[in-house]
Amino acid sequence: MNQQIYISKKLRVAGILVILGLVVEGFSLLWNHPLSFLAFLCIGGVFLALGIVIYLLALVSRAQE
Amino acid sequence: MPTAFLLICVAVTIILITVVIVAPGITASRGGKILAFLVLFILPVTMSVFGATEHMERSKQTSFCLSCHVMQPYGKSLYVDDPSYLPAAHFQNARIPRDHACYTCHTNYTIYGTLHDKLRGLKHAYKYYIGTPANPIKLYEPFNNRECLHCHLGARSFEQGAVHNADPETMPAIKSNKLSCMSSGCHDTVHNVSELDKVKYWKP
């Protein structure tokens, strides 16, 4: 049960970060400018990577008892 | 991949992630686990790869390069009404794609040339927005004949050109980059941005 709560919490955090990353990446595609490329890479990419790492860690880690 | 389709995929992924956030309990079932893996890993990575590809393609456009004001004189030089201006002659006579004019001549035609150029592009963006761009702008290394020969090698005008074959050493020296195409007396008028206020311009 504790593990399910732990994973649910991590999934929420990961999901929010991935959504933020996708939103930034999506908006960056609407603008053809070097700054949009940087936003895609440095903001969207970082949010997305963080979200994915948190999700993958949640899959492999055990709940703290 | 068209941008609109990519944006639709991003929107669908966001909706599916929202479902997982709102009801994380669904991940207790096998189907929920698969859904979570799909929307929190597979789809975002796929979207990012396609998004990065789209950005890479856009960064080859002439308008992309000229969106930085330090590059605008170089863009202006493409319209100089003088065939001795090498980039202008190529641009105006459609010897290079006009919408990829900068990239066509300034990419590095080697195996990782595009990636190498994009990494340099990040450095340019850093210098432009945070540091101080060089004035005047200089190439990292002398222009390599390889970039010219990417198109001209095998062309009759190049292979049988009188000056290129003036003596037996000239052609091998050009092909091995020992003699630059832009040597003095050859194709030595390039962007020449310091002279742009003294020239006439072509109006397409």
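Colleague: What makes the largest nonpolar core a core, and which residues have the most contacts inside it?

Modeller: A nonpolar core is a set of buried Ala, Val, Leu, Ile, Met, Phe, Trp, Tyr and Cys residues joined through C-beta atoms within 7 Å. A residue is buried if 20 or more other C-beta atoms, placed from the backbone, lie within 10 Å of its own. The largest such set has 21 residues, and those with the most contacts inside it are L11(A), A14(A), V18(A), L22(A), I17(B) and L40(B). The largest share, seven residues, comes from α1(A), a helix being a DSSP run of H or I of at least four residues, numbered from the N terminus.

The model is predicted: local features need pLDDT of at least 70 and side-chain atom pairs pLDDT 80 or more, while totals for chains, interfaces and linings use all residues. Residues are numbered from 1 along each chain as its sequence is written, with chains lettered from A and ligands numbered from 1 in the order in which they are written.

Colleague: Which residues is I17(B) in contact with, leaving aside neighbours within four places in sequence?

Modeller: Contact requires C-beta atoms, placed from the backbone, within 7 Å. On that basis, I17(B) touches G15(A), V18(A), I19(A), V39(B) and L40(B).

Colleague: How many residues does each chain bring to the contact between them?

Modeller: Chain A brings 26 residues and chain B 29 residues. On the side of chain A that touches chain B, α1(A) gives the most, with 14 residues.

Note on methods:
Buried ≥ 20, exposed ≤ 12 C-beta atoms within 10 Å, placed from the backbone. Helix = DSSP H or I, 4+ residues; strand = E, 2+ residues; numbered from the N terminus. Contact = placed C-beta atoms within 7 Å.
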